[in-house]
Amino acid sequence: MNTLSSLRRNLPLYLSIKQAMLKRLADGVWVRGSKLPPEPELAKMFGVSIGTIRKAVDELVIEDILIRYQGRGTYISNHESQSHFFKFFRIARKDGLQSFPVSKVRFFEKIKPSEEVREALQLGRNDVVFHFYNSLSINNDSVMIDEIFVPSSHFKGLTREVLEARKDTLYNFYQNKFAINIVETKEKISSGQLESKYTQWLSAEEGKSILIIKRVAYTYNQIPIEFRISRVANDDYEYLVP
């Protein structure tokens, strides 16, 4: 089962403070888009020096979990900005142009996960997931199909109708609807051939060489919250290595 990690012991003090700050974010004590308390207040809150707080905050800024604004303070990141979206969406036309994709829900169900999905999401034997497909097009070009799995325990009330009615990006939707912030992803990239069941959504022939990207997305404290398999089947587009 997914549980919030307890604070790690035997860490440098600033990393322990970083973990404590992440726990507050995960618990919803500090919410996305809000301003972080000033460093002197944080130092008093955690009983450490301002220098220790600054090192912990610096790491969270580097990881794009926090954002510093000159003269305004430090804020908790959200997924509403264009730059934040393209941090996770790395498909671009071969001339380098990146554009927002148009997505369409193609399939939705609630199932018991496979061993691969259960392991990726660190689920128990009795856990279930929502499983859905999104097709994505860019400038009217059919580009890719995302197969997505999320734990039902974290996405209570999710239905196909709710997915289809969303007006924002998927990760922003996770934030706004379920208070889940994606802060990190890990990916494995391989090549393969397009299976027949995807041809109707990708305007491509069965057996076409495609790019396959398997991604685990994490919220605070390294909790896996989404497993997806992206299949890219358009020769005019490529994956940008971060």
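The following questions and answers look at how terms are applied to this predicted model.

Reader: What should I know before we start?

Author: Residues are numbered from 1 along each chain as its sequence is written, and side-chain values use heavy atoms, with hydrogens and water left out. Because the model is predicted, local features need pLDDT of at least 70 and side-chain atom pairs count only at pLDDT 80 or more, while totals for chains, interfaces and linings use all residues.

Reader: What makes phenylalanine 173 and phenylalanine 178 an aromatic pair, and why is it called edge-to-face?

Author: Rings of Phe, Tyr and Trp (its six-membered ring) pair if their centres lie within 6.5 Å; planes under 30 degrees apart count as stacked, over 60 as edge-to-face and the rest as tilted. The centres of phenylalanine 173 and phenylalanine 178 are 5.7 Å apart. Their planes stand at 85°. That angle is over 60, so the pair is edge-to-face.

Reader: How many aromatic pairs does this rule give?

Author: The count is 14.

Reader: How do you know whether phenylalanine 173 is buried or exposed?

Author: Compare its relative accessible area with the cut-offs: buried means under 20%, exposed over 50%, partly exposed in between (1.4 Å probe, protein chains only). Phenylalanine 173 has 6%, so it is buried. Phenylalanine 178 has 13%, so it is buried too.

Reader: Why is helix α7 called mostly covered?

Author: Helices (H or I, at least four residues) and strands (E, at least two) are DSSP runs, numbered from the N terminus. α7 spans residues 170-178, and seven of its nine residues are buried. Among them are Leu170, Asn172 and Gln175.

Reader: What follows α7?

Author: Alanine 179 does, with a positive phi near 55°. Most residues other than glycine have a negative phi.

Reader: Which other residues have a positive phi without being glycine?

Author: Aspartate 64 is one, at about 65°. It lies in the loop between α3 (50-62) and β1 (66-69). Its relative accessibility is 23%, so aspartate 64 counts as partly exposed. Glutamine 122 is another, with phi near 55°. Its place is the loop between α5 (115-121) and β5. At 45%, glutamine 122 is partly exposed.

Reader: What makes lysine 55 sit over the ring of tyrosine 14?

Author: A charge sits over a ring if NZ of Lys or CZ of Arg is within 6 Å of the ring centre and within 35 degrees of the ring normal. The charged end of lysine 55 is 4.3 Å from the centre of the tyrosine 14 ring. Arginine 72 lies over the face of tyrosine 69, at 4.3 Å from the ring centre.

Reader: What makes a space a pocket, and what volume has the largest pocket?

Author: On a 1 Å grid over the protein atoms alone, a cavity is a set of points where a 1.4 Å probe fits but cannot get out, and a pocket is an open set with protein on both sides within 12 Å along at least five of seven lines; lining residues have an atom within 4 Å of a point. Grid points are joined across faces, edges and corners, and a volume is the space filled by probe spheres set on the points. For the largest pocket it is about 600 Å³.

Reader: Which residues line the largest pocket nearest its centre?

Author: Phe85, Pro101, Leu136, Thr169 and Leu170, out of 33 lining residues. β4 gives the largest share of the lining, four residues.

Reader: How do the lining residues divide?

Author: Into 16 nonpolar, seven polar and 10 charged. Ala, Val, Leu, Ile, Met, Phe, Trp, Tyr, Cys and Pro count as nonpolar, Asp, Glu, Lys and Arg as charged, and the others, Gly among them, as polar.

Reader: Why is serine 191 called exposed, and serine 152 buried?

Author: Serine 191 has a relative accessible area of 63%, so it is exposed. Serine 152 has 12%, so it is buried. Serine 191 belongs to strand β7 (residues 184-193). Serine 152 is in the loop between β6 and α6.

Reader: What does each serine touch?

Author: Contact means heavy atoms within 4.5 Å. Not counting residues up to four places away in sequence, serine 191 touches Ile210 and Ile212. With neighbours within four places left aside, serine 152 is in contact with Lys110, Val128, Val129 and Phe130.
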